[in-house]
Amino acid sequence: MGAPDDGNVATGSRFEFKENKMRIATGLILAGAVSLLASSAAWSQALPAPKASAAAAPQAAPAAVPPPAPVSTRPPCNNPNALGIGRTVEIDTTGGPGFGFEHFKELDFLRDKEVVLTFDDGPWPVNTPSVLKTLAEECTTGIFFPIGKHATYYPEILRQVMAAGHSIGSHTWSHAALVNKKLTEQQRKDEIEKGFSAVKWALGKAPAPFFRFPALQHPPEMVTYLGERNIGIFSCDLDSFDFKASKAQTIIDTVMRKVDKNGKGIILMHDFQKHTAEALPELLKKLKAGGYKVVAMRAKAPIQTLAQYDEEIVKDLKLPTVSSRPVSSVVQTISE
Ligand SMILES: [Zn+2]
């Protein structure tokens, strides 16, 4: 305990986790939760320029109703030295499988030298588009776990994530620490459900049923709840601790040291963090040079959000009605 939380957005403190020691590995089995889809997909995606003007806005106003969902496109990869994608697996989240050996030991599906890139706490101006640009240059992919509120601030950035073909899950509505005893069980469920509904609102379509707890704090009753909701839970195999790093090189060194020790793993990073965006180009080159291959994790089916939370998001954001008539045509003074 005692370390600052990630993203400057949380209310709780973070557990310090022991280094991963496991993995004497047994080549175990994946109980149907993970299946191989395809391999060697190579693609890249041109991205719009970052919206720099809003870079430091801590509380941007909610955006207007987003347009229809973007289509994910994968043009051929133009970088012959790109990290690329080693294989793509499809995840059946029925029953709420848990991934990441820091907390869940059942699903050891990664082969030696395989990594999964994951990014939390976005979408955020400048940093998220920078991460997207680097991933596109390396023709590779990751899983993004956006904060619901951030998705309502910057839906257009989250749409860039989707358009580039990455997987998107959720990371609660407000990044509340769900182990906080002041929260009722209902409030914890609200954080989970509203987070997914916010991401759905921003994207114009439901995201993957992939969830990551803020600060990797897992209250058992919420783990059970996610299982009932058929939502996969993502811890990690190795934490970059990028939110604590004062410079990019520290992140590169930490990740490479841990991945070389583990031999593989789901890597936790934050597209919200400036130093992470700065570290990513060299980090991906080092992973390539080290012989690592990226595994893309796709959901078999999108999450089924709950209607009451979808409606709550719309109500919260005070979205405009479908009418776009000017005030003067709607309101006429007839007596004064
Ligand atoms: Zn977080």
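Colleague: What percentage of the 336 residues in the chain is buried?

Modeller: This is a predicted model, in which local features need pLDDT of at least 70 and side-chain atom pairs count only at pLDDT 80 or more, while totals for chains, interfaces and linings use all residues. Residues are numbered from 1 along each chain as its sequence is written, and side-chain values use heavy atoms, without hydrogens or water. Buried means under 20% relative accessible area, with a 1.4 Å probe and protein chains only. By that criterion, the buried share of the 336 residues is 54%.

Colleague: At which residue does helix α7 bend?

Modeller: Helices are DSSP runs of H or I with at least four residues, numbered from the N terminus. The bend is the angle between axes fitted to the seven residues ending at a position and the seven starting there. In α7 (residues 274–289), a proline, Pro281, follows the bend within four residues. The angle is about 45 degrees, at Leu280.

Colleague: Which elements are included in the cover of the buried residues of α7?

Modeller: The buried residues of α7 include Leu280, Leu283, Leu284 and Leu287. Contact here means heavy atoms within 4.5 Å. The cover includes β4 (114–120), α1 (127–137), α6 (248–262) and β10 (265–270).

Colleague: What is the strand order in the open sheet of three strands?

Modeller: Strands are DSSP runs of E with at least two residues, and two strands pair if DSSP finds at least two bridges between them. The edge strands, β3 (98–99) and β7 (210–211), each pair on one side only. With parallel pairing, the order is β3-β8-β7.

Conventions
Buried < 20%, exposed > 50% of the residue type's maximum accessible area, 1.4 Å probe, protein only. Expected span 1.5 Å × (residues − 1).
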